[in-house]
Amino acid sequence: MAELTTDSAETTSSCCSPAAQETCCEPGDKDACCATAAAGGECGCAAGKTGVGESDEVREKVRERYAAAATAAKDATARGCCASEAYTDPDMSNFDKNGTEVFGSSLYGGEAELAPTTVEASLGCGVPTAVADLHDGETVLDLGSGAGTDVLISARRVAPTGRAIGLDMTDEMLELARANAAASGVGNIEFVKGYIEDIPLPDGSIDVVISNCVINLSADKRKVLAEVARVLKPGGRFAVSDVIADPDMDEATRADMQEWTGCIAGALTHDEFEDALAAAGLADIEVDETHRVHEHATSAIVRARKPA
């Protein structure tokens with residue numbers, strides 16, 4: 001969402017003019033923007049406001065990097081985008097300093113057979129579909145669905161009566177994922193544009209929320225988990241792969257934006273993730289660390305359930 005600054009002399013309603021909407025609002029925001037202004041309040045979008053908040057800055061950096069990854073994947077030159085480049089060869093950014101792949105397609109094992117055309121473009125740190133216990137008839141939501149690998153796997157697992165929804169904010173990734181889905185011939189799939197901090201789906205509409213190395217990229221993880229709890233049905237499940245920061249992660253790593261978009265600096269610690277899930281109202285919380293992805297972080301499978 002682009003930022004539009006205005007003169008202080010302008011009224012708040014002017015920020016919701018058609019011209020302003022074209023530069024500041026996503027299509028789904030326009031009605032709310034103008035309705036707010038008509039009521040005498042501030043705009044519902046970013047127009048007329050000065051400065052860029054931390055969340056917007058992080059989001060834009062992440063969007064830029066993943067848009068580039070989608071373009072690279074489309075050109076069959078994909079490199080790991082979620083992998084740390086702090087101490088790896090630039091041509092081996094899916095690998096740790098010992099040459100072990102810690103992000104990417106090799107983590108999928110047998111699951112790769114369900115999405116053979118997309119798995120090579122995976123940027124994830126785990127395989128949430130392997131632990132989500134998906135069943136026919138369920139509705140699955142993948143947060144930050146990228147090229148669509150986990151959506152394709154989920155769609156096959158919940159077929160023929162269930163469906164899988166991929167949510168992503170990046171146009172380039174959505175284009176790639178839709179092309180991959182069309183090529184696969186799997187029909188019970190939908191891709192939606194939106195932010196994981198503001199999921200554009202109704203309350204209580206999802207049986208299972210999955211994600212693969214995405215929640216750590218958000219600047220407001222508690223908002224993400226609150227949204228997860230909102231869209232889950234009672235008894236619904238949360239099963240994600242994510243990066244977990246060591247408690248002693250140094251401030252230099254946390255402060256570095258390049259590392260943030262590489263899934264490291266933005267990560268919660270084990271205890272912070274458990275606390276955030278509990279605060280969102282989720283129960284039966286499990287955080288099981290799987291493998292090191294950085295000298296200051298590990299990958300983990302994180303599971304929880306919305307109380308029935």
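This report describes salt bridges in a predicted model.

Residues are numbered from 1 along each chain as its sequence is written. In this predicted model, local features need pLDDT of at least 70 and side-chain atom pairs count only at pLDDT 80 or more, while totals for chains, interfaces and linings use all residues; side-chain values use heavy atoms, with hydrogens and water left out.

A search of the whole structure finds eleven salt bridges, each defined as a side-chain nitrogen of Lys or Arg within 4 Å of a carboxyl oxygen of Asp or Glu. The table lists three of them, including the pair Arg237 and Glu138.

| Pair | N to O distance |
|---|---|
| Arg237 and Glu138 | 3.0 Å |
| Glu227 and Arg230 | 2.9 Å |
| Asp246 and Arg292 | 2.7 Å |

The salt bridge of Arg237 with Glu138 ties together parts that are 99 residues apart in sequence, because Arg237 lies in strand 5 (residues 232-245) and Glu138 in the loop between helix 3 (54-74) and strand 1 (139-143). Helices (H or I, at least four residues) and strands (E, at least two) are DSSP runs, numbered from the N terminus. Arg237 is buried at 14% relative accessible area, and Glu138 is buried at 11%; buried means under 20%, exposed over 50%, and partly exposed in between (1.4 Å probe, protein chains only).

Asp246 forms a salt bridge with Arg292. This pair links distant parts of the chain, 46 residues apart: Asp246 in the loop between strand 5 and helix 7 (251-255), and Arg292 in strand 7 (residues 283-294). Asp246 is buried at 14%, whereas Arg292 is partly exposed at 38%. Elsewhere, salt bridges with shared partners join Asp203, Lys223, Glu227 and Arg230 into one network. Within helix 6 (residues 221-231), Glu227 and Arg230 are three residues apart, about one turn of the helix.
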